[in-house]
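Please read this report alongside the sequence and the 3D structure shown below. It is written for someone meeting the structure for the first time.

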Amino acid sequence: MDIIATLKKKSIRNKGITGEDAWRLVEAGSRRPFVLMAAAGEIRDHFHGRTISLCTALDVKAGECGEDCAFCVQSVHYRNKPVTRPMKRAGEIVALATAAAGEGCERCGLVVRGRGIWAKREWTALLRAVEEIGKTGLMPCASLGILTPERARALREAGLERYHHQLAVSRGYFPRVCTTHAYDKEVETLRVARDAGLSLCAGGMFGLGEGLTQRMELAMTLRELGVEAVSLDMATPVSGSPLAGRPAPPPLELLISLALWRFLLPDRELRLGGGKEKHLRRLLPLGVVAGANALRLDGDEIPPDMPPETVRVMIGDLGFRPSREAVHVCKCRGDCSLEEKQG
């Protein structure tokens, strides 16, 4: 009996791969990784076709953070001094989002790194940016950390479509990554966003010292929470942090893990986010083969290893197409009439 083919059919029927099934896949996939990836790609094609969704993440503010998450460059607990940046103006955010739409993105995530938004003027600017981005045809998303019910409702009323919040790792492994707050606080933020009517994007980070067991446990948690989109980042822990210096997982291991997630989460949007170019290296195209149906383009504050046009060429070379075509737009990054109108 070909266990990969059998469980592929079960996944396509969306019957729910069990933990026992997943371990059988691990064993079979480790022996035949490319067969596993091809099967995961068939599952992706069944639910999502041959299109790849592109999104971007814009850093709208960055500040120091008192939490000790071992993967975060904003934490004050480690030797590297956090990079701080003031809140961008609403017009500047909208101009950057418009440029991202021109690159073929259909979603734009507004990211606040660190302690979040506290000043009233910053919150007002963020809500205004969400409203204006929605008018461009882009679907606005946000990643603002721990969320209160009041703020979740305000974001939804402003037109936010989706809230992004990484769980990072499985529940059992979380204390090895963060000790300043509990895992339930992360899960509660997703429930708060859901209660406000927002769709959910959540996921994890590979490369924090976890193994296949922890990765599968996290995938099961994401399935139980009913998130619509699953985001996968590949981490390089901060210098001076407890996890610094750990060797990165081999690219083939990461691809096997990605394929397992597609089996476990067959109908969900599965997005490759930060670190994919660095950790998958020349095997990045196999991330699409192994089941990803969405890619995040690096935002305005992080120089991309692969420019958007290179990503689009890669997608086409694989026989896919972006779900939204790129168009020529102004890329002045806010220094134009749009800034005058929206700022």
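The sections below go from the whole chain to one helix and then to charged side chains.

## Basis of the description

This is a predicted model, in which local features need pLDDT of at least 70 and side-chain atom pairs count only at pLDDT 80 or more, while totals for chains, interfaces and linings use all residues. Residues are numbered from 1 along each chain as its sequence is written, and side-chain values use heavy atoms, with hydrogens and water left out.

## The chain as a whole

The secondary structure of the protein chain comes to 13 helices and nine strands; helices (H or I, at least four residues) and strands (E, at least two) are DSSP runs, numbered from the N terminus. The radius of gyration, taken over C-alpha atoms, is 20 Å, close to the 20 Å that the globule rule gives for 343 residues, so the chain is as compact as a globular protein of that length; the rule is 2.2 Å times the number of residues to the power 0.38.

Of the 343 residues, 55% count as buried, where buried means under 20% relative accessible area, exposed over 50%, and partly exposed in between (1.4 Å probe, protein chains only).

## Helix H9

Helix H9 covers residues 251–264, and its 14 residues should span 20 Å at 1.5 Å a residue, which agrees with the 20 Å between its end C-alpha atoms; the expected span is 1.5 Å times one less than the number of residues. H9 is mostly covered, with 12 of its 14 residues buried, among them Pro-251, Trp-261, Arg-262 and Phe-263.

## Charged side chains

Side chains of opposite charge can pair when their charged atoms come close. A search of the whole structure finds 22 salt bridges, each a side-chain nitrogen of Lys or Arg within 4 Å of a carboxyl oxygen of Asp or Glu. In one of them, the side chains of Glu-42 and Lys-8 meet at 3.0 Å, N to O; Glu-42 lies in helix H3 (residues 33–48) and Lys-8 in helix H1 (residues 3–12), so the pair ties together parts that are 34 residues apart in sequence. Glu-42 is partly exposed, with a relative accessible area of 42%, whereas Lys-8 is buried at 16%.

Another salt bridge joins Glu-122 and Lys-61 (3.0 Å, N to O); because Glu-122 lies in helix H5 (residues 120–135) and Lys-61 in strand S1, the pair ties together parts that are 61 residues apart in sequence. Glu-122 is buried, with a relative accessible area of 8%, and Lys-61 counts as buried at 15%.
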